[in-house]
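I am opening my notebook to record what I looked up, going from the core to the helix contacts and then to the backbone.

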Amino acid sequence: MNTVVAKASADQVERAARLLSLGELVAFPTETVYGLGCDAFNDQAAQKIFEVKGRPADNPLIVHVLDWPMLLEVAEAPLPTWAIQLARRFWPGPLTLVMPSRASLSPRVRGGLNTVAVRMPSHPVARDLLRALGRPIAAPSANRSGRPSPTDARAVDEDLRGRIPLILDGGPSEVGLESTVVDITLSPPALLRPGGIGREALETVVGPLAPPTQGGLSRSPGTRYRHYAPKARVVVLTGDGDALQSQLSVLDQGPGTLAVMAKGSVLAKLAKEPSRCFSLGETAEDAAKTLFRGLRELDRIDPDSIAVIWDTDQGIGEAILNRLRKAETKPEDTLLFLCSGNTCRSPMAEALWNQRYALVSASSAGLLATSGAPATESAKRAVARFGASLENHRARPLARVTDEPLMVVTMTADQAQAARRLRPEWTSRIASLSEWLHEDFGDIIDPYGSSDEVYQAVARKLDSLLPRLWQVVWDRMSKER
Ligand code: TXA
Ligand code: MG
């Protein structure tokens with residue numbers, strides 16, 4: 001199929017509406033990100049959206065409406081008064097409300113749920129298109145599933161060329177991140193996805209919002225998948241000052257190329273200007289607008305890793321951090337340090353590691369751990385000398401570890417054997433520190449009950465071995481990619 005990218009003139013909007021009424025898909029600009037639209041009542045067209053995007057079938061679409069009469073074509077009235085207040089305050093704009101659905105709406109659009117996510121966009125082209133079609137338009141973001149959402153026509157073209165007939169070009173998106181999704185079928189309403197409108201603004205209308213989970217299951221199917229992921233490994237750094245500098249220099253010295261994304265003023269303050277960097281501007285609004293374009297741009301120069309420095313979770317900052325966390329390296333790319341009680345050796349290794357090697361995050365566990373036990377005071381003091389902290393550590397038994405780690409690193413050879421017996425499916429991933437480093441320095445001895453000096457000697461030993469472990473981890477990671 002030939003894909004036309006056309007300036008969103010009145011003629012082209014008419015043409016787009018015609019294509020939609022024939023059951024075709026059209027990409028169009030909205031104030032948040034570009035959408036991939038279809039007639040919301042056309043089941044076959046909705047099916048095409050899933051095929052074109054490579055989208056999981058259980059992930060429902062957002063329905064876009066022009067006005068209140070059009071809203072009532074898809075949503076089942078009556079809505080609670082406070083929900084109407086919310087809509088009146090923020091519509092048209094980057095807010096999506098999950099509400100009871102009309103049965104006539106395509107079940108494919110709803111992902112099999114009895115609710116529908118609706119939004120009234122403010123972008124003039126989106127509104128003209130809705131007016132021209134005269135029907136609601138179902139539209140997810142116009143990217144291939146798993147890629148950053150497109151904030152200009154070029155990004156849509158990059159992902160969907162040859163798969164759809166028309167991309168309406170309306171220039172760069174104003175907000176740059178997707179809408180905020182709020183479930184109003186719950187009381188209190190739940191924030192399913194932070195987005196273009198900050199939590200604080202919503203809460204002034206409806207009071208505190210509930211978290212997105214219920215009984216541990218996410219209510220918003222789309223939030224389960226890894227998203228916004230460029231080809232490079234992404235690591236989010238939230239610190240500042242010396243801690244940040246040292247994390248960055250470790251990443252920079254590591255194998256492969258590193259790119260850095262941060263506010264312009266943060267980039268300017270870095271001790272060594274990275275060779276590849278992308279400025280997110282100065283305000284959170286700037287950063288929202290440029291984040292996805294930045295991830296795509298860096299992808300084109302193809303670094304091995306991207307470090308993003310971001311620390312604000314106020315207003316739209318919450319949505320930025322949320323998208324960054326989804327773009328981050330997968331949970332199976334983690335390191336698990338293992339000892340017996342998970343109160344001394346393995347937590348010390350974890351803390352020392354995480355302080356330096358953010359690209360692969362470490363956790364720890366114990367073969368015989370008591371759930372929730374804190375680290376020993378001596379262990380806390382020993383890692384504090386290295387600038388790391390174990391104040392929030394809580395012990396957990398190996399049996400509670402659910403995600404398969406990249407590598408399990410035990411403190412002794414016996415522990416490695418015991419771990420292999422307990423988790424035979426992980427056998428090839430389990431070895432003692434000495435085995436991983438191919439050097440026979442024996443076991444890391446248990447300092448439990450000993451003096452602070454013994455603890456400190458263990459911390460020093462671990463600290464001296466971790467840079468070599470980093471090499472082993474990186475090699476293994478590169479092989480598994
Ligand atoms: O800003 C936006 O919202 C953009 C523009 C194009 O409007 N659209 C967008 O759509 O981001 P999409 O499909 O990429 O994200 C829709 C999100 C997903 O997380 C999906 O799971 C959730 O909304 N969603 C849709 N219908 C839902 C429902 N009935 N219940 C719960 N979550 C729903
Ligand atoms: Mg999307």
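This is a predicted model: local features need pLDDT of at least 70, side-chain atom pairs count only at pLDDT 80 or more; totals for chains, interfaces and linings use all residues.

I began with a loop: His-438 is found between helix H15 (433-436) and helix H16 (452-480), where helices (H or I, at least four residues) and strands (E, at least two) are DSSP runs numbered from the N terminus. Residues are numbered from 1 along each chain as its sequence is written, while chains are lettered from A and ligands numbered from 1 in the order in which they are written.

**Entry on phi.** I found that His-438 has a positive phi of about 50° although it is not a glycine. His-438 counts as exposed, with 9 C-beta neighbours inside 10 Å (buried means 20 or more other C-beta atoms within 10 Å, exposed 12 or fewer, partly exposed in between, with C-beta atoms placed from the backbone). Asn-342, in the loop between strand S17 (335-339) and helix H12 (345-356), also has a positive phi, near 60°, but Asn-342 is buried, with 27 other C-beta atoms within 10 Å. I reminded myself that most residues other than glycine have a negative phi, and that most peptide bonds are trans.

**Entry on cis bonds.** I looked up the bond from Ala-77 to Pro-78, which is cis with omega near 0°, and placed Pro-78 in the loop between helix H3 (68-74) and helix H4 (81-90). The bond from Ser-187 to Pro-188 is cis too, with omega near -5°.

**Entry on the core.** Which residues touch the most other members of the largest nonpolar core? Among them are Ala-27, Val-63 and Val-118, in a core of 67 residues (a set of buried Ala, Val, Leu, Ile, Met, Phe, Trp, Tyr and Cys residues joined through C-beta atoms within 7 Å). Helix H5 (residues 124-133) gives the most to this core, with five residues.

**Entry on helix packing.** I saw that the axes of helix H1 (residues 10-21) and H5 come within 9 Å and cross at roughly 55° (axes are lines fitted to C-alpha atoms, for helices over the stretch in contact, and angles run from 0 to 180 degrees between N-to-C directions). That angle makes H1 oblique to H5 (under 35 degrees is roughly parallel, over 145 roughly antiparallel, 65 to 115 roughly perpendicular, and the rest oblique).
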